[in-house]
Amino acid sequence: MFRELVDMKQDSQAEGSPVSVKIRERLKQAQKRFHANDNISEFIEPGELELLLDEVQDKMQGVLDSMVIDTTHDHNTRATARRVAKMYVNEVFRGRYVAQPAITEFPNAEHLNELMIVGPITVRSACSHHLCPVIGKIWIGVLPNKNTNVIGLSKYARLVDWIMGRPQIQEEAIIQLADLILDKTRPDGLAVVMEASHFCMSWRGVREMDSKMLNSVMRGAFLTNPELRREFLSLVSSRR
């Protein structure tokens with residue numbers, strides 16, 4: 001009886017809470033982390049994403065007010081809070097709030113076992129530190145085996161967009177992507193190369209415009225077979 005009363009009290013308190021608080025409490029109860037680059041769609045109930053958008057708009061309006069920007073009389077910023085909220089929730093950070101895109105997998109009927117490279121695939125992300133844009137390209141190399149699941153070329157781009165559509169650190173993002181593709185396809189080898197410009201370095205800070213970050217993840221045969229690794233990197237380099 002006491003437990004039921006406690007639950008009723010918690011439900012009553014949650015009823016008037018911001019939607020972000022309700023989502024956060026579900027995550028905590030499930031002992032799930034909610035870092036910037038995590039997907040939390042499993043803990044968002046139908047209709048709550050729209051409420052979250054409204055909440056972000058209200059908070060963004062507070063930021064603009066604190067920056068002493070007159071959004072009442074300035075026609076350029078009158079709807080900025082709503083525009084920014086929609087940009088974050090529905091566009092650039094969409095990969096946090098929506099479920100993984102549906103990926104149709106096919107058996108490797110022809111037992112393909114030759115190197116396949118997909119790319120360049122456009123990267124549109126943002127740095128977790130300053131929320132500045134990270135723009136670049138990704139190349140994916142797959143060495144299939146007879147048991148590998150084959151997915152359509154466009155699906156690689158969808159997975160990239162889903163993983164990168166969150167505040168990210170490039171070193172972590174490329175590992176997340178590699179783990180996801182490995183789980184989906186089960187190849188003998190997987191290689192991912194990412195090259196990107198970071199606006200947190202070019203737009204602010206040292207304001208270095210020409211520097212880019214380039215990193216790679218090698219799994220399976222790409223780690224153990226130097227010739228395969230060289231072939232992949234050579235083909236990617238020739239198309240950069």
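A salt bridge is a side-chain nitrogen of Lys or Arg within 4 Å of a carboxyl oxygen of Asp or Glu. Aspartate 183 and arginine 186 form one, with their closest N and O atoms 3.2 Å apart. Welcome to this structure, which is a predicted model: local features need pLDDT of at least 70, side-chain atom pairs count only at pLDDT 80 or more, and totals for chains, interfaces and linings use all residues. Residues are numbered from 1 along each chain as its sequence is written, and side-chain values use heavy atoms, with hydrogens and water left out.

**The chain as a whole**

- Of the 240 residues in the protein chain, 38% count as buried; buried means under 20% relative accessible area, exposed means over 50%, and partly exposed lies in between (1.4 Å probe, protein chains only).
- The protein chain exposes about 14,500 Å², and carbon and sulfur atoms supply 53% of that area; accessible areas come from the Shrake-Rupley method with a 1.4 Å probe, and for residues only the protein chains shown count as cover.
- Among contacts in the protein chain with a separation of 6 or more, 68% come from residues 24 or more positions apart; a contact means heavy atoms within 4.5 Å.

**Salt bridges**

- The structure holds 7 salt bridges.
- One of them joins arginine 26 to glutamate 48, whose closest N and O atoms are 2.6 Å apart. Arginine 26 lies in helix H2 (residues 19-29) and glutamate 48 in helix H3 (residues 48-66), so this pair ties together parts that are 22 residues apart in sequence.
- Within that pair, arginine 26 is partly exposed at 22% relative accessible area, whereas glutamate 48 is buried at 8%.
- Arg26 and Glu48 also belong to a network of salt bridges that links them with Glu45.
- Another salt bridge connects arginine 33 with aspartate 38, the closest N and O atoms being 2.7 Å apart. Arginine 33 is partly exposed, with a relative accessible area of 47%, while aspartate 38 is buried, with 10%.
- As for the pair in the opening, aspartate 183 counts as partly exposed at 44% relative accessibility.

**Cysteines**

- The structure holds 0 disulfides, a disulfide being a pair of cysteine sulfur atoms within 2.5 Å.
- For cysteine 127, the closest cysteine sulfur is that of cysteine 200, 3.9 Å away, too far for a bond.
- Both residues are covered: cysteine 127 is buried with a relative accessible area of 4%, and cysteine 200 counts as buried at 15%.

**Strands and their partners**

- Two strands pair if DSSP finds at least two bridges between them.
- Strand E2 (residues 116-127) and E3 run antiparallel, joined by 9 bridges. Here isoleucine 117 stands opposite glycine 141 in E3.
- The hairpin of E2 and E3 has 5 residues between the strands, and leucine 131 takes a positive phi near 60° there.
- Strand E3 (residues 133-143) is mostly covered, with 8 of its 11 residues buried.
- E3 also runs antiparallel to strand E6 (residues 189-198), through 10 bridges. In this pairing isoleucine 140 stands opposite valine 192, and glycine 141 has alanine 191 as its bridge partner.
- On to E6 and strand E7 (residues 213-220): they run antiparallel and are joined by 8 bridges, with glycine 220 in E7 as the bridge partner of glycine 189.

**Inside strand E6**

- In E6, 10 of the 10 residues are buried, so the strand is largely enclosed by the rest of the structure.
- In a regular strand the side chains alternate between the two faces of the sheet.
- Gly189, Ala191, Val193, Glu195 and Ser197 point one way from E6, while Leu190, Val192, Met194, Ala196 and His198 point the other way, and all are buried.

**Helix H4**

- Thr80, Ala81, Val84, Ala85 and Val89 are buried in H4.
- The buried residues of H4 pack against H3 and helix H5 (94-97).

Definitions and conventions
Helices (H or I, at least four residues) and strands (E, at least two) are DSSP runs, numbered from the N terminus.
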